[in-house]
Amino acid sequence: MNENLIQTSSIETVKQYVKEWKDSGATIGLVPTMGFLHEGHASLIARAVEENDYVIVSDFVNPIQFGPTEDLETYPRDFEADCHLVAQMGASLIFHPTPEEMYGKDFFTHIYVDEMSQKLCGESRPIHFQGVCTVCMKLFHISEANRAYFGQKDAQQLAIIRRMVRDLNLNIEIVGCPIIREEDGLAKSSRNTYLKTKQEREAALILHHALTKALEMYEDGERRASVILEAMTQLIMTEPLATIDYIQAVAWDSLQDIEVIEEPVLIAMAVKVGPVRLIDNMILDRA
């Protein structure tokens, strides 16, 4: 528990602390978040605290990664609870800027990772990953972090950020951390709060059931991606409240389509349960 958690909305204040820490030879970990923190975020912060001298948690609902019809205004927020969790996990500083602080009045520069940003969630959310990459690039420079921590639940985001760091020769290590799930298998997500009824909450488990089916088929020797995806599709279609956005199998490092599983493969999906769009995934990389 860090009872002296630093709270600031100022980029300049973050930079002042970063300079002090860097001048002392300390290492810095960064956990980028959009707030409304849960156990999944806590696991990222715990890992960062374990591996670095100081940890910065950003708490910022990034407007430029939301499309015009998406849930920017209704996205859940609870900064007081976020501060409590961040302090409890032992982080050093929580950075909670306004959009005006991050982007000013005349912001023109954006970062875009071609091809990888056009697939999976990028097909229905065309500006999303441009916004993600842009805000992460800013956070990397503001924090001068040695390491940044991302959850595998947002696997496409993790793959894209890793590629951006590699392609642009950024001096930061990207650490991917496992998906944290509820006891019944539902991946923890801030958007789970949108599941308003017991029926919707139970229906959401179909995503985990489909991934479990995929893993069973893979462990039984099935290597044809199309056969696994078809079985997952048929299973999800048995749930009346579920509508499939996509289910795909792609190479984990490049997100390119594959036909036969011969390397680490990301099985990823986006499914609407009632009005709520949920994502989940699994990486198949066992012998």
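A salt bridge is here a side-chain nitrogen of Lys or Arg within 4 Å of a carboxyl oxygen of Asp or Glu. By this criterion Glu 39, Glu 182 and Lys 188 are linked in a network of salt bridges. The views below show a predicted model.

View A. Six strands make up an open sheet with the order 1-4-3-2-5-6, and their pairing is parallel. Strand 1 and strand 6 (173–177) are the edge strands, each pairing on one side only. From one strand to the next the twist averages 25 degrees. Strand 2 (residues 28–33) pairs with strand 5 (residues 147–151) in the parallel sense over 2 bridges. In this pairing Leu 30 stands opposite Ala 148 of strand 5.

**View B. Helices 1 and 2 against the strands.** Helix 1 (residues 11–23) packs on the sheet and touches strand 1, strand 2, strand 3 and strand 4. The direction of helix 1 makes about 150 degrees with that of strand 4. Helix 2 lies across strand 2, strand 3, strand 5 and strand 6. The angle between helix 2 and strand 5 is about 155 degrees.

**View C. Helix 3 and its buried residues.** In helix 3 (residues 79–89), the buried residues are Asp 82, Cys 83, Leu 85, Val 86 and Ala 87. These residues pack against strand 1 (6–8), helix 2 (39–51), strand 3 (54–59) and strand 4 (93–95). An α-helix has 3.6 residues a turn, so residues three or four places apart point the same way. Gly 90 follows helix 3 and has a positive phi, near 95 degrees.

**View D. The largest nonpolar core.** This core holds 49 residues, of which Ile 56, Phe 95, Met 102, Phe 140, Ile 161, Met 164 and Ile 174 touch the most other members. Helix 6 (residues 128–143) gives the most to the core, with 9 residues. A second, separate core has 39 residues, among them Leu 205, Leu 207, Ile 247 and Ile 267.

**View E. The surroundings of Ile 174.** Leaving aside residues up to four places away in sequence, Ile 174 touches Phe 140, Ala 148, Phe 150, Leu 158, Ile 161, Arg 162 and Val 165.

View F. Arg 147 forms a salt bridge with Glu 173, and the closest N and O atoms are 3.4 Å apart. The pair links distant parts of the chain, with Arg 147 in strand 5 and Glu 173 in strand 6, 26 residues apart. Arg 147 is partly exposed at a relative accessible area of 22%. Glu 173 is also partly exposed, at 43%.

**View G. Arg 201 and Asp 184.** The side chains of Arg 201 and Asp 184 meet in a salt bridge (3.0 Å, N to O). Arg 201 lies in helix 8 (residues 198–203) and Asp 184 in the loop between strand 6 and helix 8, so the pair ties together parts that are 17 residues apart in sequence. Arg 201 counts as partly exposed at 25% relative accessibility, and Asp 184 is partly exposed with a relative accessible area of 33%.

**View H. Asp 245 and Arg 277.** A salt bridge joins the side chains of Asp 245 and Arg 277 (3.1 Å, N to O). Asp 245 is in strand 7 (residues 242–251) and Arg 277 in strand 9 (residues 276–284), 32 residues apart. Asp 245 is partly exposed, its relative accessible area being 35%. The structure holds 13 salt bridges.

How values were computed:
Residues are numbered from 1 along each chain as its sequence is written. This is a predicted model: local features need pLDDT of at least 70, side-chain atom pairs count only at pLDDT 80 or more; totals for chains, interfaces and linings use all residues. Side-chain values use heavy atoms; hydrogens and water are left out. A nonpolar core is a set of buried Ala, Val, Leu, Ile, Met, Phe, Trp, Tyr and Cys residues joined through side-chain atoms within 4.5 Å. Buried means under 20% relative accessible area, exposed over 50%, partly exposed in between (1.4 Å probe, protein chains only). Helices (H or I, at least four residues) and strands (E, at least two) are DSSP runs, numbered from the N terminus. Contact means heavy atoms within 4.5 Å. Two strands pair if DSSP finds at least two bridges between them. Axes are lines fitted to C-alpha atoms, for helices over the stretch in contact, and angles run from 0 to 180 degrees between N-to-C directions.
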